[in-house]
Amino acid sequence: MEALMAFVENQGIKIYWDERGQGAPILLIMGLGYPSNLWHRTRPVLAQHFRTVAFDNRGVGLSEVPPGPYSIATMASDAAAVLDAAGVSDAHVFGVSMGGMIAQEFALQYPARTRSLILGCTSPGGPSAVRAESKVADILMARGMTLEQAREAMLPYIYDAATPREKIEEDLSLRRRWFPSQRGYMAQLQGILAWESYSRITEITAPTLVIHGKSDALVPPANGKLIAGRIPGARLVLLEHASHLFLTDQTQEAHKEIFEFLRSHAGGKLGQ
């Protein structure tokens with residue numbers, strides 16, 4: 001499927017974005033250190049029904065790597081700039097992990113631009129969030145190891161034990177091609193640590209799906225419950241045999257839930 005690829009400048013920084021498919025627009029926002037290429041399992045399916053718009057968060061992929069930290073609010077403004085560049089006034093918004101934090105912030109800052117909201121494997125941040133075990137946090141911070149070593153050490157905490165290694169290797173082969181710099185990774189991580197939405201997400205008015213893997217050891221599933229309990233009318237889905245990267249662990253089941261939600265908020269017909 002042909003893709004339109006471009007750059008947009010926001011706050012003096014060039015942000016890479018592209019679009020694929022036709023229909024109602026859906027904005028895809030990736031997580032910490034991950035470029036938009038890591039939507040490889042879900043985007044082709046969505047693009048059969050939707051106009052998918054994705055971008056590389058500042059600090060990763062083809063986007064520029066300015067000095068950090070990058071606040072979540074700044075990255076939400078990058079998302080808005082991408083929609084402006086694509087000529088999209090409002091969209092369904094789907095974010096995973098850090099991308100789910102950016103999506104929450106986007107929905108708060110740009111409510112009129114948020115048709116619906118899908119929050120995957122994410123957290124409300126701040127003191128109310130449920131933290132990972134200290135050993136997981138140490139790996140996330142790459143304490144005493146390189147980013148490459150930390151990436152390998154993190155695998156048991158972000159994939160479910162039942163997920164075949166060949167599926168994990170498919171993800172890793174993409175990540176190796178687009179591995180972030182230390183500067184970009186840490187600048188994003190600093191933004192995560194400084195952010196919270198718990199005190200504000202009761203203000204979100206967009207229809208919301210919260211989806212989380214039950215075995216997620218990086219962002220424990222209790223965070224999904226917290227978010228769903230705070231956003232009025234939000235629907236919570238907890239996936240069995242799925243960890244943080246639930247789109248790899250339980251691809252078909254996750255897509256079923258996502259499409260069911262989108263179908264109910266896309267005028268009765270997908271892509272319209």
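Tutor: In helix 8, which spans residues 222–230, the buried residues are Asn223, Gly224, Ile227 and Ala228. They sit on the same side of helix 8, because they cover an arc of only 130 degrees around the axis. The model is predicted.

What do these buried residues pack against? Their partners are helix 3 (98–109), strand 6 (114–120), strand 7 (208–213) and strand 8 (235–239).

Next comes the loop between helix 8 and strand 8, where Gly233 lies. Gly233 counts as exposed, because its relative accessibility is 76%, and the cut-off for exposed is over 50%. Gly233 and Leu209 are 24 residues apart along the chain. Their C-alpha atoms are separated by 9.2 Å.

Now the backbone elsewhere. Gly68 and Pro69 are joined by a cis peptide bond, with omega at about -5 degrees. Pro69 belongs to the loop between strand 4 (51–55) and helix 2 (72–86).

Gln11 is not a glycine, yet its phi is positive, about 50 degrees. Gln11 is in the loop between strand 1 (4–10) and strand 2 (13–20). With 55% relative accessibility, Gln11 counts as exposed.

Ala142 also has a positive phi, about 55 degrees, and is not a glycine. Its loop runs between helix 4 (134–140) and helix 5 (147–158). Is Ala142 buried or exposed? Ala142 counts as buried, because its relative accessibility is 10%, and buried means under 20%.

Terms used:
Residues are numbered from 1 along each chain as its sequence is written. This is a predicted model: local features need pLDDT of at least 70, side-chain atom pairs count only at pLDDT 80 or more; totals for chains, interfaces and linings use all residues. Side-chain values use heavy atoms; hydrogens and water are left out. Buried means under 20% relative accessible area, exposed over 50%, partly exposed in between (1.4 Å probe, protein chains only). Helices (H or I, at least four residues) and strands (E, at least two) are DSSP runs, numbered from the N terminus. The arc is that of the directions from the helix axis to the C-beta atoms. Contact means heavy atoms within 4.5 Å.
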